[in-house]
Amino acid sequence: MTTYGTIPASSPAQANLEYISRAKERIKAGLGTRRPWKLMFHFHSFGLPSNFGDAVSKIKTNVGYFRMNYAIVVLLILFLSLLWHPVSLIVFIVMMAAWLFLYFLRDEPLMVFGRVIDDRVVMIVLAVLTVVFLLLTKATLNILVALLIGAVLVVVHAAVRRTDDLFLDDESSGLMTGTSSGGGVVGSGSSP
């Protein structure tokens, strides 16, 4: 008996396994785009900036380079602050799913109405939506304190983390001002 023109049917179990397998691969690839935590907290890469201009330069460079790591840190602090607010935690988990699919685990650029949306725009829109939705759950004080703690940690780390050992590619040079063309070393040169 011939079966020309028929479409082979796969079982729902196979489809679920394929979906889970693809999700695992996307998670591995997505988390692979963040910078290594050892590089972020390398002991010998810390030093106080010599002046305010040096601090601002370091902050710009480090925020651009460790952008995904900083987002993870702030989201973790926000999650921990919401443990005693179940409704807020549910909203946060829903927003985390949006973060995962729209920012952390995307393989290709986000397209909306035929236009490519930059990663920074996606991150800013998701951050604003997360904060607005969480503020609607009436956990305002916890959220504001968590965001303040996260922002202080990011700014302090970015200001004291030296930039002379960071190697940037074209993708991560979006927030930098003094990048070299291609994949060069970025740094102010005045850091010890």
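Which helices each supply at least two residues of the lining of the second largest pocket? The legends below, drawn from a predicted model, begin with this point.

**View 1. The second largest pocket and the helices that line it.** Helix H4 (67-81), helix H6 (119-135) and helix H7 (140-160) each supply at least two residues of the lining. The greatest contribution comes from H4, with 6 residues.

**View 2. The centre and the lining of the second largest pocket.** The volume of this pocket is about 440 Å³. Its lining consists of 19 residues, of which Tyr70, Ala71, Val74, Met123 and Ala127 are the closest to the centre. Sorted by class, the lining comprises 16 nonpolar, 2 polar and 1 charged residues. Rolling a probe the size of a water molecule over the atoms shows where empty space is left.

**View 3. The aromatic pair of phenylalanine 79 and phenylalanine 92.** In the pair shown here, the ring centres of phenylalanine 79 and phenylalanine 92 are 6.0 Å apart and the planes stand at 35°, so the pair is classed as tilted. Because phenylalanine 79 belongs to helix H4 and phenylalanine 92 to helix H5 (residues 86-104), the pair ties together parts that are 13 residues apart in sequence. Phenylalanine 79 has 28% relative accessibility and therefore counts as partly exposed. Phenylalanine 92, at 3% relative accessibility, counts as buried, because buried means under 20%.

**View 4. A cluster of aromatic rings.** Tyr65, Phe66 and Tyr70 are linked into a cluster by ring pairs. Tyr70 is also among the residues closest to the centre of the second largest pocket.

Notes:
Residues are numbered from 1 along each chain as its sequence is written. This is a predicted model: local features need pLDDT of at least 70, side-chain atom pairs count only at pLDDT 80 or more; totals for chains, interfaces and linings use all residues. Side-chain values use heavy atoms; hydrogens and water are left out. On a 1 Å grid over the protein atoms alone, a cavity is a set of points where a 1.4 Å probe fits but cannot get out, and a pocket is an open set with protein on both sides within 12 Å along at least five of seven lines; lining residues have an atom within 4 Å of a point. Grid points are joined across faces, edges and corners, and a volume is the space filled by probe spheres set on the points. Helices (H or I, at least four residues) and strands (E, at least two) are DSSP runs, numbered from the N terminus. Ala, Val, Leu, Ile, Met, Phe, Trp, Tyr, Cys and Pro count as nonpolar, Asp, Glu, Lys and Arg as charged, and the others, Gly among them, as polar. Rings of Phe, Tyr and Trp (its six-membered ring) pair if their centres lie within 6.5 Å; planes under 30 degrees apart count as stacked, over 60 as edge-to-face and the rest as tilted. Buried means under 20% relative accessible area, exposed over 50%, partly exposed in between (1.4 Å probe, protein chains only).
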